[in-house]
Amino acid sequence: MKILLSLFLLSISISAIGIELAGIFFSVSIFSYLIFVLFSLKTVSIKSIPLPGLFLLVFMFFCVVSNLFKQPLSSYIQPLCMLFFFSSLFLSNIYKRVDTASLGAALRYSYCAVVITVLLEVLFYLVYGLNPPIYSTLGIHGSSIEYYGMPRLRGFQLEPSILSYVAIFYFLAFNRISKIIHIPYFFTITPILLLVTTMAASGFIFLFYLGFSFLSSGMPLRYIIKNPFSSFFVVSIFLAIGAYFTQHILKILEKMFSIYDVIQNSNLGGSVGYRVHSLFEPFEFFANGDIFAKLTGTGFSNYSDYIYEKYKHLDYSGFASGDLNSILSAVAISTGLFGLVSFLLFIYFGFRDKSVSV
């Protein structure tokens, strides 16, 4: 199991490498995860399922209920199976078979692999420019993006936002496990640097959350009082770095403030408008729907018709194709309050239950 876990975590660093079948891309991470899941679930029994796994089963039950008398089985059986596949680890007490030291070592090795891919991307960018031909040779899918002339790094992930999720995962994992075993500062701090290079909105929202939590804890003030000279040195370094990257910081802030503009002007077009307003869709759905729709939604994985009919007049928005850019919004609209509540409980206990995390 330790070897399978290490292989799965290592595959995260090269998730943009895989094969394409019938127009669908299958990442190497999917295959390694499938093997890991099959071995981890072979000893699962009803009595051993942890609390998050039970709420997962409840959520899947409401996924089926939401489609009863509305949509045929063929319209949602495939995504339902995929949901079970990607969340099935919550049905096992996998932590009992992997000790903390082995988990820490696997995380460190896989994170080093992620850092190497990012450094290789920087090298490719300097030699070949954005999206170098060598990516095609290596079978790396996805594309890199420039934001006002600055490359958004993605390593060997499908796009920069994926790298931001990977960085957040490692930051949380290392800081969580460091409470039990020693983890060098390199691993607990540098994921934040990776997060910044992606210039992803989700990443910066996470950074604002971390900054707010850090400042509200009172630690900076206590440190300044105890170490005034060291504090002055640290602040000077940050100001010098900030002055050097002034243009970059301004562009990042511009992207963040564009969210406010989108909300204020009710702009549904473009990537920012599409993503931001995806978060608001459930409120409109619950406000205007009847009691049956509020409780059961439009049917699991069958919200596209509802979104398309509402926004088909838009020319430059993801809504026009019936898509949503928020998993919570998709769950709320397609499965109603029954599905949303059970899904949120699944997430809540997934973070708190030691059966699924260290």
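This is a predicted model: local features need pLDDT of at least 70, side-chain atom pairs count only at pLDDT 80 or more; totals for chains, interfaces and linings use all residues.
Residues are numbered from 1 along each chain as its sequence is written, and side-chain values use heavy atoms, without hydrogens and water. Local features need pLDDT of at least 70 and side-chain atom pairs count only at pLDDT 80 or more, while totals for chains, interfaces and linings use all residues.

The whole structure holds 24 aromatic pairs. Rings of Phe, Tyr and Trp (its six-membered ring) pair if their centres lie within 6.5 Å; planes under 30 degrees apart are stacked, over 60 edge-to-face, and the rest tilted. Two of the pairs are tabulated.

| Pair | Centre distance | Plane angle | Class |
|---|---|---|---|
| Phe124 and Tyr135 | 5.8 Å | 75 degrees | edge-to-face |
| Tyr348 and Phe349 | 5.0 Å | 80 degrees | edge-to-face |

Phe124 belongs to helix α5 (residues 100-128) and Tyr135 to helix α6 (residues 133-138), so their pair ties together parts 11 residues apart in sequence. Helices are DSSP runs (H or I, at least four residues), numbered from the N terminus. Buried means under 20% relative accessible area, exposed over 50%, and partly exposed in between (1.4 Å probe, protein chains only). Phe124 is buried at 10%, as is Tyr135 at 4%. Tyr348, at 43%, is partly exposed.

Technical notes:
Helices (H or I, at least four residues) and strands (E, at least two) are DSSP runs, numbered from the N terminus.
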